[in-house]
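Thank you all for coming.

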Amino acid sequence: MSADLTKQVLRGDIRALAALMTLIENHEPAATAVLKSLFPHTGHAHVIGVTGAAGVGKSSLIDGMTAEYRKRKKSVGILAVDPSSLFSSGALLGDRIRLRRHFADPGVYIRSFATRGATGGVSAALRNAIHALDAAGKDVVIAETIGVGQDEVEIDALVHTVLLVLVPDMGDEIQAMKAGVTEIADLLVVNKADLPGADLTVQQLRAAFSTVEVVTTAASNGDGIEQLVDAIEKHRVESIANGEYAHTQFRLCREELLDLLRQRVMRRLAAKMNDPALDEIVRRIAERRLDPYTQLDVIAEKLGF
Ligand SMILES: Nc1nc2c(ncn2[C@@H]2O[C@H](COP(=O)(O)OP(=O)(O)OP(=O)(O)O)[C@@H](O)[C@H]2O)c(=O)[nH]1
Ligand SMILES: [Mg+2]
């Protein structure tokens, strides 16, 4: 069954892809079997992460970017970590479903993942979904995530190019977010440039983050989308030329392997935690007959760490 699914996914079969995505979302062991045989066929797609606060226009931008990539004859896969994120929070009915115009296009595949469960689980599912779309031959894969901050998906561990989407009039926030931004963002996008304050925001961003390119867009009317895709492509071409892209590929594989390892260790640990012997140790620690530091050494040695 998994050999059939692999073949169909490699052919770009939409139903097979959908079936695999469900296995991935549910963390089914069957997904791993398929992903193993798909893996040699991955590594070709350009993976772009679009992140930013709620409502800044990420889905609207992805909608415009997808249209632009389709114009350039590139196939596109779109992933979002929350089903609602592909829908606008706006109340206008006609405005509700972002990306609607791409649903009928066989060159575009759209899928969202429920954010239930641990954050690590969402990252793993997203990463596997990227592999699936990559193997299915998508030229570009775009992932939408909410960020930056808190315990969100670490998007820069999953993609080649990170777009951080901002909106005008966020001077104070720019100061607050200064740390970390240049580490994760490859491009800063000031969306809603049709609203007042865009020029000032761009100036502030350029002053604060001199090494990161800033692009302005108005996703709602398509302004700047072509330039945004040009900037993304420029970043890709330049990073291939200067070796940064190869380094990113290495880094992503490293993150993936370490994440897988971490998950397995955590599962083993969780299994051990159910051990009644552990409760006995904890009881003695609570009674101050044992100390947690020594017990850590004892347990870690038992687990072989
Ligand atoms: N004025 C203006 N409004 C925009 C622009 N882009 C998006 N919007 C509106 O902003 C609202 C949110 O847009 P979305 O694309 O759903 O934003 P999002 O970042 O994907 O939202 P979440 O997924 O809920 O975080 C919608 O009402 C859009 O119509 C823009 O360039 N200008
Ligand atoms: Mg959205």
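**The ligand site and some local details**

Let me begin with the shell around ligand 1, which by class has six nonpolar, eight polar and six charged residues, where Ala, Val, Leu, Ile, Met, Phe, Trp, Tyr, Cys and Pro count as nonpolar, Asp, Glu, Lys and Arg as charged, and the others, Gly among them, as polar. Please keep in mind that this is a predicted model, in which local features need pLDDT of at least 70 and side-chain atom pairs count only at pLDDT 80 or more, while totals for chains, interfaces and linings use all residues. Residues are numbered from 1 along each chain as its sequence is written, chains are lettered from A and ligands numbered from 1 in the order in which they are written, and side-chain values use heavy atoms, with hydrogens and water left out.

Altogether 20 residues surround ligand 1, and the closest are Lys58, Ser59, Ser60, Asp194 and Ala219; a residue is near a molecule if one of its heavy atoms lies within 4 Å of it. Helix H4 (58-71) and strand E4 (140-146) each supply at least two residues of this shell, and the largest share, three residues, comes from H4. Helices (H or I, at least four residues) and strands (E, at least two) are DSSP runs, numbered from the N terminus.

Which side chains place an N or O atom by an oxygen atom of ligand 1? A polar side-chain atom of lysine 58 lies 2.8 Å from one oxygen atom of the ligand, and an N or O atom in the side chain of lysine 192 is 3.0 Å from an oxygen atom of ligand 1. In the side chain of serine 220, an N or O atom is 3.0 Å from a nitrogen atom of ligand 1. Taken alone, ligand 1 exposes 650 Å², and the protein buries 85% of that, with accessible areas taken from the Shrake-Rupley method with a 1.4 Å probe.

Lysine 192 is partly exposed, because its relative accessible area is 29%, and partly exposed covers the range between buried, under 20%, and exposed, over 50% (1.4 Å probe, protein chains only). Phi of lysine 192 is near 60°, a positive value in a residue other than glycine. Most residues other than glycine have a negative phi.

Histidine 27, in the loop between helix H2 (14-25) and helix H3 (29-38), also has a positive phi, near 55°.

Methods:
Polar contact = N/O pair within 3.5 Å; in protein donor to acceptor, adjacent residues only side chain to side chain.
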